[in-house]
Amino acid sequence: MQFTSTSFFVFFAVVLALHRLPLSWTWRKFNLLWLSYLFYAAWNPPFVVLLWVSTVVDWFLARAIHRSESPGRRKVLLVASLLVNLGMLGYFKYAGFLLENTVALFQSLGIGWEPPALDIVLPIGISFYTFQTLSYTLDVYKGRLKPWDRFIDYALFVTFFPQLVAGPIVRARQFLPQCRSPRRVDVHDLGLGAGLFVAGLFQKVVLADALLAPSVEAVFDVDLPARALDAWVGCFAFVTEIFCDFAGYSLCAIGVARMLGFELPLNFRHPLAAIGFTDFWQRWHISLSTWIRDYVYASIRGTGKTSFNRFAVSIMLTWSLIGLWHGAQWGFVIWGAYSGLFLIAERVARNVAPTSALWATTPCQFVFAAFQFTVFASSGLPFRGANDPERMTELFWSLVGQGAAAEGLLNSATIELTVAVVIAVFLYHWFMRRHSFERLAISCPWYLRSILLAAMLVLIVISQGRDRAFLYFQF
Amino acid sequence: MAVAAAWAIEAFWRDRGHRPGVVSDRDLWALHRGTLEGADTDDIVLLGGSRIELGFIEAAFHADHPGYRTVQLAIAGRGPYAVLRDLAADETFAGTVLCSITARALQPERRDDQAAWVDHYHTKWSALRRPEVWVDAQLRGRLALLQSHLAIRPLLLSLRRGRWPGVNYVVARPDRRRVADFERMQVDMQRIITGRLAKIRGRLVDEPPPEPAAWAELVAEVAGFVDAIEDRGGRVAFVRFPIRGEFARLMRESYPRERYWDVFAANVGAVCLHDAELEGTDAMRCPDESHLAYDDAVRFTQLIGRELQTRGVLAR
């Protein structure tokens, strides 16, 4: 059930109606919980069991960890939680990849082995909710959080439908306190939530699906040679598309949660105009990058002052893992490592570049942002091409001007339209770099907000085309 | 404000001659395929390509033969073998099949032309999609502004070329009927005809007409599908729609009637109607050489309706 689907609108109308019934808070939470399971079951009912396993295991293990005073036992319990959660994730997401690579390794050693192909269906959102439940157990283990005392709150934290299948990855300390007392929803919250939802849909339906996706598909999904111009336009269009798609989903999730009285954390802060790679990762998929920073990077890097080598290794490992989180393909690992390399390069550049007031001037900052965006666009190649290494290689050579002679994949009108959309999104991010979309929406006069929302709604209606799933659902 | 703006846009497009039309995609096909479970002889399913989509006018048929339900499952530009095979394998289906057929649409290379639609229905279609697709089709069937060629990207690209999007002369309805209004065509008809002929001549090189043995084998397979459907109480009839001009000449030369159609009709074990055998079809026009003009489509539908009744394919 996608946010863009008619069934979601019917579903959400039922959710809102039930949530506003004069019932006790516990009953209202219970309604949200079973409706969230229904939302998830709409994709593939049996996979709800995985959600239950993840919920129940971490609920009990976190309590046991908290009760235990023996460090050894606490560690064993934590390892049990990691094994269950990462075991499920590993089986459903990485078993096929591991088998494929093992077979390839054996073949390179001259050992012929042909196991039956694994036909494993990836449960939607497993990467998101697994990280969410793990964060709870890890926080309890590290003493940052006490186990919650109401199971229904915890189950709702894991299952809350707006963020269940594609984030933001919410932390227990952000969500659970909101379950303590009834969430009041007034007209202002409903209006703001609906506005954010429409803005998210606009990004997804109009910008990502209607304007950018056809150009991306024309470059990536064909077997024809591409000119350098096509390859670059395809890459810029893809990273802008994936931003609009994913940020659009996050905004819809935040809006839907807001209409139910819950606040979800921001997942994007205008990343396409970030100045530098560190800045970028503080603005892009914030809930994942902070999760990785807190639970993975911090553990690999260690505490206190570290050597450059250790920093570099930690970054490369962490970012390769982030790549792998996105999908069981080498293309994603390459994308992660490529992003890590630029983080290391940035650190080196900061150390060797002379300090100057010039760097802080607006033109200089703009050039940095444009450079960052260009590098990010080039990283779109391994990301989008992860499923098709051959096409990825062809486009790589086109990107560096060494591709086979080709006629244009994109005609001039298409290139102009695509570039105009990309530049418009980039400039919007540039001007909004220090602002929050929600705050802007709140501070905007009502009539201006209404005109903007009406315009977005009309554009959403006239942009309906092919039904495209949210890109991050596959992760 | 949004509603007022949408209304203004709708009025603008209608004023420019645009009419509502659905996207006749795999989901819409699956929606209608789903209605055939448990079908009986009062349910007439139409198979084939664009010729039956445009040439079988359901209103004309229902006027002469009330009480039947027609389900349009034809898919433009593709041979019906895969859908016929699917219906034959469907143990719940005991309806009436009216299948538009040509020797070219049946040849081995085109066997899986419609398989992706069948596969979509069996593997990707779910009950949850049903209301989704139904609502979408109903809305698109009523609002011109939802036509896919008027969506924001094609609109902007068209405007960039200095013109408004052209009017579609073929419009699909929510029940998958397609209506062609050749009067509304804003493109050069001769260019379409020449383009199609060039394409088919090219394809005839890659996919030459089957040899007699291969054709006999194919006919036997189709006869097996007919038997399977009729054994459950269903009925099957095949029809060849009129074609005209250079296109008809090319088809006649490539697929001589005595070598293909006659062999098919003699061995398939079902009622077969060739347009040349039906009285009054000589004067019928195909403006693009391949599809009947609307008025003639009405007459042709009435003709085959009567013929099907005479030959006992229609139960009532």
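Is the crossing of α13(A) and α14(A) left-handed or right-handed? The answer is given in point 3, after the overall description.

1. Basis of the note. This is a predicted model, in which local features need pLDDT of at least 70 and side-chain atom pairs count only at pLDDT 80 or more, whereas totals for chains, interfaces and linings use all residues. Residues are numbered from 1 along each chain as its sequence is written, and chains are lettered from A and ligands numbered from 1 in the order in which they are written.

2. Chain A overall. Chain A contains 19 helices and zero strands; helices (H or I, at least four residues) and strands (E, at least two) are DSSP runs, numbered from the N terminus. Its radius of gyration is 23 Å, which agrees with the value near 23 Å for a compact globule of 475 residues; the radius is taken over C-alpha atoms, and the globule rule is 2.2 Å times the number of residues to the power 0.38. Along the principal axes, the C-alpha atoms of chain A fill a box of roughly 65 × 65 × 55 Å. Of the 475 residues, 42% count as buried (20 or more other C-beta atoms within 10 Å of the residue's own, with C-beta atoms placed from the backbone).

3. Helices α13(A) and α14(A). The crossing of α13(A) and α14(A) is right-handed, a term used if the near helix is turned clockwise from the far one by less than a right angle. The axes of α13(A) (residues 308-326) and α14(A) come within 7 Å and cross at roughly 150 degrees; axes are lines fitted to C-alpha atoms, for helices over the stretch in contact, and angles run from 0 to 180 degrees between N-to-C directions. The two helices are therefore roughly antiparallel (over 145 degrees). Residues in this contact (C-beta atoms, placed from the backbone, within 7 Å) include Trp319(A) of α13(A) and Trp335(A) of α14(A). By class, the contact has 14 nonpolar, six polar and one charged residues; Ala, Val, Leu, Ile, Met, Phe, Trp, Tyr, Cys and Pro count as nonpolar, Asp, Glu, Lys and Arg as charged, and the others, Gly among them, as polar.

4. Helices α14(A) and α15(A). The axes of α14(A) (residues 330-352) and α15(A) (residues 362-384) come within 8 Å and cross at roughly 160 degrees, so α14(A) is roughly antiparallel to α15(A). This crossing is also right-handed. Among the contact residues are Phe342(A) of α14(A) and Phe383(A) of α15(A), and the contact comprises eight nonpolar, three polar and no charged residues.

5. The side of chain A that touches chain B. The contact takes 23 residues from chain A and 21 residues from chain B. On the chain A side, α1, α9, α17 and α19 each supply at least two residues, and α19(A) gives the most, with eight. That side has 14 nonpolar, eight polar and one charged residues.

6. Helix α5(B). Eight of the nine residues of α5(B) (residues 81-89) are buried, so this helix is largely enclosed by the rest of the structure. The elements covering the buried residues include β1, β3, α6, α7 and α11 of chain B.

7. Positive phi values. His285(A), although not a glycine, has a positive phi of about 40 degrees; His285(A) lies in the loop between α11 and α12 of chain A and is buried, with 23 other C-beta atoms within 10 Å. Arg176(B) has a positive phi near 75 degrees and is found in the loop between β4 and β5 of chain B. Arg176(B) is buried, with 20 other C-beta atoms within 10 Å.

Notes
A residue is buried if 20 or more other C-beta atoms lie within 10 Å of its own, exposed if 12 or fewer, and partly exposed in between; C-beta atoms are placed from the backbone. Two residues are in contact if their C-beta atoms, placed from the backbone, lie within 7 Å. Angles under 35 degrees count as roughly parallel, over 145 as roughly antiparallel, 65 to 115 as roughly perpendicular and the rest as oblique.
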